[in-house]
Amino acid sequence: MASLEQEIETVREQLDRQVRLKSRLERMKAQQAKLNWEVGLRKERWHQEEQDIDQLEAFSWSALWARLNGQLEEKLTEQRREALVAGARFEAARRQQEALAVRIAQVEHELQDLKGCEQQWERLLQQKAEHLKQRQPDKAAVIFQLEARQRECQRQLKELREAADAGKAARGLAHRLVEKMNDALTWSTVDLFGGGMMTGFVKHSRLEEAQQLAQQLEDQLRCFESELTDVDIHTSLELTVDPFLRILDLLFDNFITDWAVQERIEKALAQAKTAEDEVQALLDHLAARQDQTQRENAELDRQRRLLIEQTSI
């Protein structure tokens, strides 16, 4: 098994090299972005200086004024010097840009050669783990325990993700219902103060749409509750939008029924907002549970890998 240990050590060195190269490449990429901007700026400055020389040498009001004052040659000399400096700075930055591009290409090429070492590392680690399970019962027991706890973490993460997906769907429906109920409340207020038949029909159209959303939300809340039970969270999420007064108001359109429907809309709106807030609170709790479980799984994986790596075979 000495050859396996040697192979593991070789791949470990490759992984360490890969990490260092990725970090170096990230820094070089940031440097390249900054240098590209600087090269563009210096090139623009150089071209501007060249244009200033062309204007002085050609017929222009600035050249004519300088000639009349006897300062044309002096200005040309100064402008040519500035253009040479700007050109030299541009060339220096461009050379740095090219040299950096070469170094980046070299690092990327080396990283390409190291591609696949992660998979090779996992294979070798698993091979060594199997050997330890067969030859060293005390280490095997610890490895089996860590792996069992990892499987449990992964199962919990799967169920937490499923619960979160159901909750996000419920949150989306609750948000849409709140918007629809707010719209209905606006039309109901207009109708209450004599909006007329058309206002009443628009209000009831919004209420009909809200009722459909409420039914969808109720179904999704039941689904969410079921998923929460799988992760040991027991809660009751309720939402009821009574359609009776909507029908009553449509048949008997008067101030009393308008007022009654207004109160029911406000109550339903409050229920929808409460449902949205409760779902969000549960989603926040699920996110915290996911984060905690992911950290636990990562720590178990670290312990398992460390045990396998440090145990001699």
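Biologist: Leaving aside its neighbours within four places in sequence, which residues is Ala129 in contact with?

Modeller: Let's start with the term: two residues are in contact when heavy atoms lie within 4.5 Å. Once neighbours within four places in sequence are set aside, Ala129 is in contact with Arg304 and Ile308. Before we go on, please keep in mind that this is a predicted model, in which local features need pLDDT of at least 70 and side-chain atom pairs count only at pLDDT 80 or more, while totals for chains, interfaces and linings use all residues. Residues are numbered from 1 along each chain as its sequence is written, and side-chain values use heavy atoms, with hydrogens and water left out.

Biologist: Thanks! Where is the place of Ala129, and is Ala129 buried or exposed?

Modeller: Elements are DSSP runs numbered from the N terminus, with helices (H or I) of at least four residues and strands (E) of at least two. Ala129 sits in helix H4, residues 117-135. As for burial, buried means under 20% relative accessible area, exposed over 50%, and partly exposed in between, using a 1.4 Å probe and protein chains only. Ala129 counts as buried because its relative accessible area is 0%. Its C-alpha is 9.7 Å from that of Thr311, although Ala129 and Thr311 are 182 residues apart in sequence.

Biologist: How many helices and strands are there in the protein chain?

Modeller: The protein chain has eight helices and zero strands, so you can read the order from the N terminus as α-α-α-α-α-α-α-α. Of its 313 residues, 36% count as buried. Among contacts with a separation of 6 or more, 82% join residues 24 or more positions apart. Accessible areas come from the Shrake-Rupley method with a 1.4 Å probe, and for residues only the protein chains shown count as cover. The chain's accessible surface comes to about 19,200 Å², with 53% belonging to carbon and sulfur atoms.

Biologist: Which residues touch the most other members in the largest nonpolar core?

Modeller: A nonpolar core is a set of buried Ala, Val, Leu, Ile, Met, Phe, Trp, Tyr and Cys residues joined through side-chain atoms within 4.5 Å. The largest one here has 30 residues, and Leu177, Met181, Leu217, Phe224, Leu228 and Leu286 touch the most other members. At least two residues of this core come from each of helix H5 (137-192), helix H6 (197-230) and helix H8 (255-310). H5 gives the most, with twelve residues. Apart from this core lies another, of 25 residues, including Phe90, Ile104, Leu111 and Trp121.

Biologist: And how many aromatic pairs does the structure hold?

Modeller: A pair of aromatic rings is described by the distance of the centres and the angle of the planes. Rings of Phe, Tyr and Trp (its six-membered ring) pair if their centres lie within 6.5 Å; planes under 30 degrees apart count as stacked, over 60 as edge-to-face and the rest as tilted. The structure holds one such pair. Trp46 and Phe90 are stacked, at 5.5 Å centre to centre with 20 degrees between the planes. This pair links distant parts of the chain, with Trp46 in helix H1 and Phe90 in helix H3 (residues 72-113), 44 residues apart. Trp46 counts as partly exposed because its relative accessibility is 26%, whereas Phe90 counts as buried because its value is 7%.

Biologist: What does the side chain of Glu38 make a polar contact with?

Modeller: A polar contact is a pair of N or O atoms within 3.5 Å; within protein, one must be able to donate a hydrogen and the other to accept it, and residues adjacent in sequence count only if both atoms are side-chain atoms. The side chain of Glu38 makes a polar contact with that of Arg42, at 2.6 Å. Glu38 lies in helix H1, residues 2-57, and is partly exposed at 25% relative accessible area.

Biologist: How many disulfides does the count come to?

Modeller: A disulfide is a pair of cysteine sulfur atoms within 2.5 Å, and by this rule the count is zero. Cys117 is buried, with a relative accessible area of 2%, whereas Cys223 counts as partly exposed at 33%.
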